[in-house]
Amino acid sequence: TAGAAAGPGASGGATSTGASDEAAVAAGGSSGSEADTNLQEVVVTATRSAQPLDETGSSVSVISGADLASQQILVLSDALAQVPGLAVARTGGPGQDTSVFIRGADPGETLVLIDGVRINDPSTPDGEAVLGDLFVNDIQRIEVLRGPQSTLYGSDAMGGVVNIITQRGGTQPFAAQVDAEGGSYDTWRFNGAAYGSAGPLDYGAGVNDYSTGGVSAAADAPPDDEPDGDHDLAATLNLRVHAGDGISLDLRGFYNDARYGIPGYPPPDYLLAPSPEFARDSLQAGYAGLYGSWLDGHFTQRLALIGSDSDRREYGLYDPVSYAYTPAENFYAQGGATRWEYQGVFQLNAGNVFTYGSESELSTLDTDTLPDPADLPTTGRDRLTSYYAQWQTTFAQNSAIAKQMTLTAGARRDQDQEFGGHTSLKVAGDWQLPDGATVLRGNYGQGFKAPTLYELFSEYANPVAGLRPETADGWEAGFDHLLEQGKIRLSAVYFSRDEQNEIEFDDCATSDPGCLLRPFGYYYNVGRSSDRGVESDLAAHLTQSLAARVSYTNMKAIDELTGLMLARRPHVLLNAGLTWTGTGGASLGATYVYQGARFDDAANTVPLDPSETVNLFASYPLGHAVQVFGRVENLLNDQAEPVYGYRPLGRGFYGGVRIKL
């Protein structure tokens, strides 16, 4: 919920980071301390400037690097599954296609950032980020902002924002950590990270090499029949060079290369089945930014050039003569984005901050299904230019009615060369009661999503009318309350989101004028949906060494045209965690993630059973620099299909060693 931390000991370090707003994050407290439950943690995603949670009118969850390390989380989507209001669907084990649904929004309506770089892939049909390839690597913290956020983040942020911030800088010239582990399903992993500050340079870098033999993702086959393994290599780089007089240069990079097996649809049945098919994904992204600070930090400016390039390919063709697969390429999709950003932040005084900026992005697409020579590649390009402004003011400090009150208002204008212009608005309010233990908050925000390049330029483009952007209106109201001198934090929020002009696919099963030109179907604006629900969260430090959390989400995501539930959106989400930390550095804990019953299809004819995932984790120090650790994943060996026809990874045992330098 608003201000809720996803982990039992959620906190960040005092490490300077590369957040999207260039703010240095100073999140007070250490993991497992009483300070973690207070409302003073600083977040940067909600307003694109550093802001305490008790001044934020939006729902933000924070997953710290300390939580990721103590729970030994390797896959990013496993961490996101612990966030209130967020459901995850993965077609098999690690590396397989993964989608996230924030408060019922489509996967392509969630913006994903790594150190300020958008990694949503222009080559995917709905523009979503390829989350199956994202593993935990040198992460300092993750901030998840829920609800429509187009005012500050534009298209792709109708459902929310996932902001991944890697480590950079520190109190010493060099610090490093190396992890090595192995376990079930022929799994092994190596991860190394280094960061520090030396003279004018703050730096951070990490590399992650992960491999697993996996299991067959097709649920109807034996687990060892053509197992769909995964090998993933990723690296991050985050540099800041202080040039003096408030000027600094930021250079950041992200690289990921993955190869993973996939099931196929071989003849004559054309049903999902094990196959030797496999896929390769690669993503490279870079950031170069010039940052300036003047007037004792009251006026800052940032100018950045950002580029990303994705390449997704699939291999394996069925030969009807030999009744066997050949390793020939059968599909490719390449997407690119080049983006300019300018942002200014002017702090008039302690209570008034004005943020403004401009952005322009050129995105490209080139995709084709092979080897049919009659099938021409789909290519396209589009430019989206945006302008935004936001005012934040704090008043009524230490008055009879409030410890303080904060209001935030913003507007954005987007101009797209394909569909035209769109304006988005947002207003947020935060009211700290005089007792200092209770915060009331609420906001109203608008979202929009531009039609994707595939929707605009593929063979399924609308033949009779231009596509309009999808739009959304959302609001929420909630509170945070501290008990027992801050040892317990209770949060709850009610949210509502209505989406219009949703782009859906007409399969031409019935007569339609457009089907005369597009007999195999086409995209068109018709959909309307609504998401309503309650998120509640309880975080407690039961003793100095024992921390617990429980979050519960009750949500209805409905297709307003049919009255049916939206596909793969659970009505109920529940997750909990318990962590014990000893004085010598040993730790022990467990997490529980429940996703309720849902349907796999829009017609609500294919039900999916509830899933329950229980993980255990423990670590023990061997001196001040060496730590051994181990965990059990999916302790109950839950086999509920996350997506119809696909098998989840079963029970697994893993162990390793961590060395800090």
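Arg-103 is found in the loop between β5 and β6, where strands (E, at least two residues) and helices (H or I, at least four) are DSSP runs numbered from the N terminus. Its phi is near 50°, a positive value in a residue other than glycine. Arg-103 is also buried, with a relative accessible area of 4%; buried means under 20% relative accessible area, exposed over 50%, and partly exposed in between, with a 1.4 Å probe and protein chains only.

This is a predicted model, in which local features need pLDDT of at least 70 and side-chain atom pairs count only at pLDDT 80 or more, while totals for chains, interfaces and linings use all residues. Residues are numbered from 1 along each chain as its sequence is written, and side-chain values use heavy atoms, with hydrogens and water left out.

**Backbone details**

- Asp-156 has a phi near 80°, a positive value in a residue other than glycine.
- This aspartate is found in the loop between α3 (150-153) and β9, and Asp-156 is buried at a relative accessible area of 16%.
- Going from Pro-267 to Pro-268, the peptide bond is cis, with omega near 5°.
- Pro-268 has its place in the loop between β14 (247-261) and β15.

**An open sheet**

- Five strands make up an open sheet with mixed pairing, in the order β3-β8-β9-β6-β7; two strands pair if DSSP finds at least two bridges between them.
- Strands of a sheet pair through backbone hydrogen bonds, either parallel or antiparallel.
- At the edges are β3 (59-64) and β7 (117-118), each of which pairs on one side only.
- Six bridges link β3 to β8 in the antiparallel sense, and Ser-61 has Val-144 in β8 as its bridge partner.
- Strand β6 (residues 110-114) runs antiparallel to β7 and is joined to it by two bridges; here Ile-114 stands opposite Val-117 in β7.
- Although β3 is an edge strand, six of its six residues are buried.
- On one side of β3 the buried residues are Ser-59, Ser-61 and Ile-63, and on the other they are Val-60, Val-62 and Ser-64.

**Nonpolar cores**

- The largest nonpolar core has 32 residues, of which Leu-80, Ile-142 and Ile-164 touch the most other members.
- Such a core is a set of buried Ala, Val, Leu, Ile, Met, Phe, Trp, Tyr and Cys residues joined through side-chain atoms within 4.5 Å.
- Elements that each supply at least two residues of this core include α2, β5 (98-102), β8 (139-146), β9 (160-166), β15 (278-294) and β16 (299-319).
- Leaving out residues up to four places away in sequence, Leu-80 touches Ile-63, Leu-86, Val-100, Ile-142, Val-144 and Val-162, a contact being heavy atoms within 4.5 Å.
- A second, separate core has 13 residues, among them Val-43, Ala-46, Leu-53 and Leu-113.

**Cavities**

- Searching the whole structure gives 15 cavities of 30 Å³ or more.
- A cavity is a set of points on a 1 Å grid over the protein atoms alone where a 1.4 Å probe fits but cannot get out, and its lining residues have an atom within 4 Å of a point.
- Points are joined across faces, edges and corners, and a volume is the space filled by probe spheres set on them.
- The largest cavity holds about 770 Å³ of space.
- It is lined by 37 residues, and the closest to its centre are Asp-78, Arg-90, Thr-613, Asn-615 and Asn-634.
- Strand β31 gives the largest share of that lining, six residues.
- By class, the lining of the largest cavity has 17 nonpolar, 14 polar and six charged residues; Ala, Val, Leu, Ile, Met, Phe, Trp, Tyr, Cys and Pro count as nonpolar, Asp, Glu, Lys and Arg as charged, and the others, Gly among them, as polar.
- The second largest cavity has a volume of about 410 Å³.
- Its lining has 28 residues, and Ser-155, Asp-156, Glu-361, Ser-363 and Leu-384 are the closest to the centre.
- That lining divides into seven nonpolar, nine polar and twelve charged residues.

**Around Ala-234**

- Ala-234 lies in strand β13 (residues 230-244) and counts as buried at 5% relative accessibility.
- Beyond its neighbours within four places in sequence, Ala-234 is in contact with Asn-137, Gly-206, Val-207, Asn-208, Tyr-255 and Asn-256.

Conventions: 1 Å grid on protein atoms, 1.4 Å probe; cavity = no way out; pocket = protein on both sides within 12 Å on 5 of 7 lines; lining within 4 Å.
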